[in-house]
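Hi everyone, thanks for making time this morning. Let me put the structure up on the screen, and then we can walk through it together.

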Amino acid sequence: MSSVILKMASIVLRPLFWVISIWLLLRGHNHPGGGFIGGLIAGSALIIGPLSREAEEIKLEKKNYPLLFLSGGMILILLSAALGLFTSDLMLEGLWMKIPLPLVDATLKLGTPLMFDVGVYLTVIGFIYFIFNSMMEEWQWK
Amino acid sequence: MELSIGILFAAAVLSLSIPSRLRPLKGWILSLFPLGIFIFLLTTIPELQNNGVLETNRSWMPGIGLNLHLLLDGLSLIFALLITGIGSFILIYAHQYMQGYAHTNRFYVYLLVFMGSMLGLVLSANLLLLFIFWELTGISSFLLIGFKHKEENVRQSAIQALLVTAFGGLMMLSGFVMLGLVSGTYEINQMIGQSSSIINHGWYLPILILILGGAFSKSAQFPFHFWLPGAMQAPSPVSAFLHSATMVKAGIYLMARLNPVLGNTMEWQTIIPLIGGATMLIGAYLALTQKDLKAILAYTTISALGTLMLLIGIDTELSMKAALIYLIVHALYKGTLFMVAGSIDKKTGTRNIDLLGTLAYRMPITTVVALLALLSMAGLPPMLGFIGKEIIYEANIQTPNVAGIVTTLGVISNIFMVWVSIFIGYRVFFRKSYQGYKTPSETSFHFWIGPGILALGGLILGLFPYQLGENIIQPALGVIQAEQLDIKLKLWHGFNRVFLLSMFTLLGGVALFLLRHQLIPFFRRVNKKFFDVRFSDMFTGFIDGIMAFAKGHTKVIQHGYQRFYLMVIFLVVAAMGWFQLINTRFWEIEMPVQQVSVYTVLIALVITVATLFTLLSRSRLTAIISMGVVGYGIALIYLIYSAVDLAITQLLVETLTVVIFVLVIFKLPRFASLSSRASKLRDAGIALIVGGFMTGIAMKAKHLELKEPISDFFVKNAPGKGFGDNIVNVILVDFRALDTLGEVTVLMIAALGVVALLKIDRS
Amino acid sequence: MEITLSIVIGVLYTAGVYLLLRRSLVKLILGIIFLSNATNLLIFLSAGLTKGEPAFAQKAGEETARQVADPLPQALVLTAIVIGFGIVAFTLALKYKYHQKTGTYDLDQVKQTDQS
């Protein structure tokens, strides 16, 4: 499927999707959003480009990016799970670190749940990217 | 103490990473681990004499009563010493023996894992923990028996051993669980206190039988004995270690350990001596007619295990003492003999005693070692075996009720043992003809050091038995039997009944040996006629029967038509569901109509129409797009009813689903009308029944009486403990993060599955 | 309000079951999607419906306690939706490969696991 409209749109949409997805990921703990939703949007950003192009135009990627996303996400998740083990003997125990921000009146709260969410985000991206990538490859997407 | 088990498991891992420069010393290096533990155990003896026990206790899964409770007392000490002591020599021996085998790395891992599990078994003070180690020894034994897995009969023997012992293990587990239910604990110490109430409980007999099932199968008692000769397919170090000195004694250990809990009853003193006595006699008798050196040893091992079981079953102080001494005696001489058999196998290329001979002149050191062990096996002075046999006779004579039978059985099997000992000694070492495949020569140092020390141990302990009795047997006996009694081990007891029996035994054995040319053919004929029941064949037949039965009925039930499977599942579920719904009168639930909102009804209508489109459309594209409409409709419903995250996710996923379908759709077959009108109507009927049932369920769902929902906790604590305002997200990444972890794993597996499926042809 | 949604759930289940009982490969996959949608909705409904009060924690300033929507089924359904997508993708790939290998699209031909 070669669509000029989609191709042009994807040029604009791709960075937009990325920004939105990261924004949704980071606010997810307090507002609608989170790893799953962010990951779905970022995954869409990754596949929208290939979807709009001819098969010959898709460059064969040397590195296995989907696998990197997938395994990176899993590693982050397991790491965040394991951190609790060292401090309190409980796997997946949430650990938080509060950093007061100097200029505005707020504190930045970083914790293993955030790390976990980022892991989910990466895994979902890898999942979508992996599936679509291999399907497009299989069917010589045109 | 827990460290010592850990060390062995760690050694198993370490054994893989020994640098290649040190490879020639591998056996020596690895043997340092058990040797170190052996020395550590020796140093605990004074402390044990003062305090009685050494223990550590950590909770592991307190919910089910499983604790990492390890306890070293006199009884454990005997076994632990045997395991680590013999284990170190076995490693040295194996180092030489296993050269030329493939995958020796694995061999050491298995062996060390076994050693660790066996040590864990005898140190466990918690029945569930004991069971875990018990099964671990079974599995490592399976791996070791099947070490030469390229041969068909080796695999078969390994599986047979695994099935028999695992079956017994499961029986034992159910016995343990029942015991746990009766006594309310899995700690053996606490059970001892409740012994009398357990014995009088109605479940006592089932418990005893189930646990005995485990002990009997592990310790190769009749009628489970057949796996042990099969296990001789393992390399000789394994036979020497697992299948004579240690693992097969696990059943004996268990019964000795549980004697204060379950023992001293009619049932105990009937069942165990009966089976033990039968095993003792059958083992000794069958040993006579074997030709394979290792098979002879295997059957004498069975006989010895029977003797031990018998002694435990007699359940007097004297018999326990006899059991403990005989245990050490047997481990020492049988370990030696198996290792000698392995050396002979290596040097001559055969284990057939009809071919062997003259080895006394060619392998003098091995011969001396073997003769010492054989003396012990025959129960002759000055070996420890003599003391062992004397005490056994004494215990037999003093058996309550059935002393006559027990003593007779004991004497007969001992006569056989004497015969077998003389027979092996003569045939293998002194006979003048030799037809082996290789020209034998004396073995290297590695091959005789281990068995040599073990055999010497038998001699030294025989000459100075006092130390053994004072330091080792006495504390152990205190564990099995509450009363302390004074034990004096002596080589010379004076002229009494026991001595006369010993003399008689010796003379009988010699006489039988002299008559061997007449007797062996006779026994073989008798065997053919009466004992031609091959238990292992029966066992294999039984397994085959089960397989055939399973295949037969699978063909009928598993017909292979997916939609009929589904139909059955749907109909059964719907029938049961409807029954319940009608019983509880779901139509009486109040559903106020005035709450109905116009938006929702509109969305519901859109969803219904789109669904109908999907069902009826002949175009694939239409079907998929209307399915997308259904999904968006559901997303709107989520949005209306306060589920923002859900709505977003549903929208995104629905979009991706449509995209992926559009990607694939033209690669997939067109819709075809495969079913007849009648079957369509039938399926529609089934679908309506299921759908109606689900509607009923959905209506009822809100009206269930539940306890305080857990959601309240989440709502309350999300900002305070989870530091987040979006409660759904806090649940996902914090409160129920383990669930999410599982779900993400599913995603990963699905992705890998898709890739694997699509790339299956291109490699 | 529940009555409308209950009927929608019933409709979706009916459609899902009907599609699953077809012999066509593609309809089977559509049936799975319908079933998973219906089940998600059922779980969502079973916790009760709350309008206009998403599951967010109280603001610090707020005095009165609000009755927010039950967050637990939402969390459950959220992951279920994503996993449902994973299953659909996997089934699609599986059925596609099956079709490619055997050339058939009739599920009644799928009777053996072994190649014979």
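Let's start with a question: how many residues lie between E1(B) and E2(B) in the hairpin they form? There are 4 residues between them, and B:Gly65, in the turn, has a positive phi of about 80 degrees. Please keep in mind throughout that this is a predicted model.

If you want a pair to click on, B:Glu55 stands opposite B:Leu71 in E2(B). Why do I call strand E2 of chain B largely enclosed by the rest of the structure? Because 5 of its 7 residues, in the stretch 66–72, are buried.

Next, confidence. For the complex, the predictor gives an ipTM of 0.91 and a pTM of 0.67. Chain C has a mean pLDDT of 81, with 85% of its residues at 70 or more. Among the elements of chain C, helix H1 (residues 2–20) has the highest mean pLDDT, 90, while helix H3 (residues 71–102) has the lowest, 86.

Now to the interfaces, beginning with chains A and B. Chain A brings 35 residues to that contact and chain B brings 32. On the chain B side, helices H29 (644–665), H32 (727–735) and H33 (737–758) each supply at least two residues. The largest share comes from H33(B), with 11 residues. Sorted by class, this side of chain B has 21 nonpolar, 6 polar and 5 charged residues.

Then there is chain B against chain C, where 85 residues of chain B are in contact with 74 residues of chain C. Several helices of chain B each supply at least two residues here, including H26 (562–583), H27 (598–616), H28 (620–640) and H31 (711–722). H29, H32 and H33 of chain B are also among them. So which helix gives the most to the side of chain B that touches chain C? That is H30(B), with 13 residues. By class, this side of chain B has 55 nonpolar, 21 polar and 9 charged residues.

Last stop, chain A itself. Its secondary structure comes to 4 helices and 2 strands, and from the N terminus the order is α-α-α-β-β-α. Of its 142 residues, 42% are buried. Looking at contacts in chain A with a separation of 6 or more, 67% are between residues 24 or more positions apart.

That's my tour, and I'm happy to take questions.

Notes: Residues numbered from 1 in each chain as written. Chains lettered and ligands numbered in written order. Predicted model: local features only at pLDDT ≥ 70, side-chain atom pairs only at ≥ 80, totals over all residues. Buried ≥ 20, exposed ≤ 12 C-beta atoms within 10 Å, placed from the backbone. Pairing = 2+ DSSP bridges. pLDDT = per-residue confidence, 0-100. Contact = placed C-beta atoms within 7 Å. Nonpolar A, V, L, I, M, F, W, Y, C, P; charged D, E, K, R; others polar.
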